[in-house]
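Subject: Structure handover

Hello,

The structure is below, followed by notes on what was found in it. Please read them with the model open.

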Amino acid sequence: MPPHASPTSARKRVVYVLLAALASAPFILLLIHGGGSPSALCRDAARASRRLPYPSVAWSRVPPLPALPTSPHPALRASRWIVFSASPHHPRRRPLRAAPGWQLLAVADEATPAGWSHPGAVLLTLADQALLGFRSVAFLPARGPARKAAAYLFAVQRGARVIYDADARNAVVGGNLSRHFDVDLDQRQGGAVLLQYSHADPNRTVVNPYAHFGQPSVWPRGLPLEKAGEIGADEFYTEIFGGGQFIQQGLCNGLPDVDALFYFTRKSSEMDAFDFLFDGDAPKVALPQGMMTPVNSVNTLFHSAAFWGLALPVTVSPMASDIIRGYWAQRILWEIGGYLVMYPPTVHRIDNVHAHPFHDEKDIHVNVGRLIKFLMEWRSSKQTLFERILDLSYAMTVERFWGKKDLLFMAAWLQDLVAIGYRQPRLMSLEIDRPRATIGYGDKKEFVPKKLPSVHLGVEEIGDVSSEIGNLIKWRKHFGDVVLIVHCTEPVDRTALEWRLLYGRIFRAVVILSEQRNSDLAVELSNLAQAYKYLPQVFDRFAGAQGFLFLQDHMVLNYWNLLNADKAKLWITNQVKELWSDVPLQGNKIEWFVKQGDMVKKAVGSFPSHYQSNYKRSVGEDKIIHCSSEIFYIPQRHIGDFSHLVKVIGSLDIHHSIAVPMLFLAMDSPSNFESKALTKLVYRADLPSNTTFATIYTAEAHAVYPVKVQNEMDFVKLVRVMASGDPFLLELV
């Protein structure tokens, strides 16, 4: 759904300037894992499954529920329905009108004003909904789009063959809905042929359809943010016979269905209105099994074979409900041989310069990546479609993608469909479980999307992909299998997401550690004084990663200057005198260093002999090395060494700044450390109060210290100075 509320404070506006536009990492912990490690999630899921009873439904015993003469609107019947929420928006902002051959049906909630009306629409009041006799109505929230479930069932009971899920603020282009969608499907083999995204890359599980329709730098609400930067055109497409497009998603000109991150990061000023245009001449495009895209509840056509997929979750936020439904429904669609098709712009919506807060979308951004991965792996051996839908709904409850109430709601929803005479589609074998046919030269279909002008942030995007895109691809290729571990000392509720979105464009994953655990933002608890002891847990989680880069949040990484560094070697700041120093132990009057020295001797004495030899050859026994260790890199070949030595250290209270150089010197000789990495640092430990970060920052350094990012406004300032090295960031501020 497009933005709808209207926060006005500067802080709420700036929160969205989060660098989301170009997120290109294939994996961002918050957005993909949604908090916690996979092993932890598995343990939690196992415990949840033991506690959560599986719904028992006797499908053959569900009593029929016909439309009675005493039901609301007893004479109303139609085969084509437009369903929308009876929102309190002023009539002037509700341009949706009845289309020829379609019945408009509005559903009220607690926020619907008394006396509400809409031209050509029948209203299902809350009282009407209570009289319908549907089991699922008892689970619906008092307000929000989930209440449309009552209207969907009402329409199915009254003869629906297709249901258009709509928003009153959208005006149908040309006024004729039937011209835009495939309302009548030809399911005969050899019928119409549709363009289809290629399945050549099995790892491509989600796609941004806006690129196909001429707007590659715009992304839909519900797209994993790390995919927002994939703006290149498809090399080729394939084709599929039509007839199975049981769910059809249209695009929206004017203000498209974008998330709050896009809405605020792409505004050139607070009062400017978006007016995007998508390519109306671009062909509709189908998604093969194994590939998904966001589906909303404001411009989507459902055929009867997919009516089961109309139910909106009731426990997640309203701004996430349709997105989670869309991914859930796409996965079930494959079980009946159906597929989703994206259509050129079907509606237009005026941007009234209102927006919802980012928190309303939290259920999307926290879980959507993990949800997609889960759905790709999910399988069921249940014998009927409804049993498989219930099976998936149960699994999603166990995995905490939605609440227990959603499971009960889905069981009631399916029983309601049975009660009103809905016939379940037949199950089909999954194509993704069969060997994919080789795509031959003759099977490849070319389509070159237009790149339409997109005016936002005060700039107009036209022409070919710039050299900055090429740089981004190059950086991504270099660091795409490296995991970045950021330890936050500033408030994580104001900064964690920003770091992920900035560095997630470049790295395989961004893991956030802090002394403040925040499960909602997937921030993991780690004491900075001994942060090194937590790293083996991260190593285990990403066992196949090429390497791991540790970074404290007060240091900014200029990733573009490290492309020549050898990722098979250790990186540390041993050549930066401000960061690496010898600390003599003999006669040292600083008790802390003396105690640290004693623990170092004890730890090194317990190391296997070759590690002891390495360390003593470099340091000896009369001193220790102190390194603040705000930044260092460990390659894959040393992961086992590091983890083993940390285990040997055990409960010894060796500080991070002493332990990290000790571990590095035990693993290898300083002469073997990478001399091309972390040698060009700007490090100002005692920055005068009248000196800003911008005055010391240089894009030529490998990293710059200190930066203090405590909130979103600080982050905007950081982005502006970093853009001198990564010009593509200029699109964001």
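Helix α7 (residues 318–334) packs against helix α8 (residues 362–377) at an angle of about 5°, and their axes are 10 Å apart (axes are lines fitted to C-alpha atoms over the stretch in contact, and angles run from 0 to 180 degrees between N-to-C directions). α7 is therefore roughly parallel to α8, a label for angles under 35 degrees. On the α7 side the contact (heavy atoms within 4.5 Å) includes M319, I323, Y327 and W334, and on the α8 side residues including D363, V368, L371 and M376. By class, this contact has 13 nonpolar, no polar and two charged residues.

This is a predicted model, where local features need pLDDT of at least 70 and side-chain atom pairs count only at pLDDT 80 or more, while totals for chains, interfaces and linings use all residues. Residues are numbered from 1 along each chain as its sequence is written, and side-chain values use heavy atoms, with hydrogens and water left out.

α7 is mostly covered, with 16 of its 17 residues buried (under 20% relative accessible area, 1.4 Å probe, protein chains only). At 1.5 Å a residue, α7 should span 24 Å, and its end C-alpha atoms are 26 Å apart, which agrees (the expected span is 1.5 Å times one less than the number of residues).

Turning to the strands, β1 (residues 80–85) pairs in the parallel sense with β2 (residues 103–107) over five bridges (pairing needs at least two DSSP bridges). In that pair, I82 stands opposite L104 of β2. β1 also runs parallel to β4 (residues 162–166), joined by four bridges; there W81 has I163 as its bridge partner.

Regards

Methods: Helices (H or I, at least four residues) and strands (E, at least two) are DSSP runs, numbered from the N terminus. Angles under 35 degrees count as roughly parallel, over 145 as roughly antiparallel, 65 to 115 as roughly perpendicular and the rest as oblique. Ala, Val, Leu, Ile, Met, Phe, Trp, Tyr, Cys and Pro count as nonpolar, Asp, Glu, Lys and Arg as charged, and the others, Gly among them, as polar. Buried means under 20% relative accessible area, exposed over 50%, partly exposed in between (1.4 Å probe, protein chains only).
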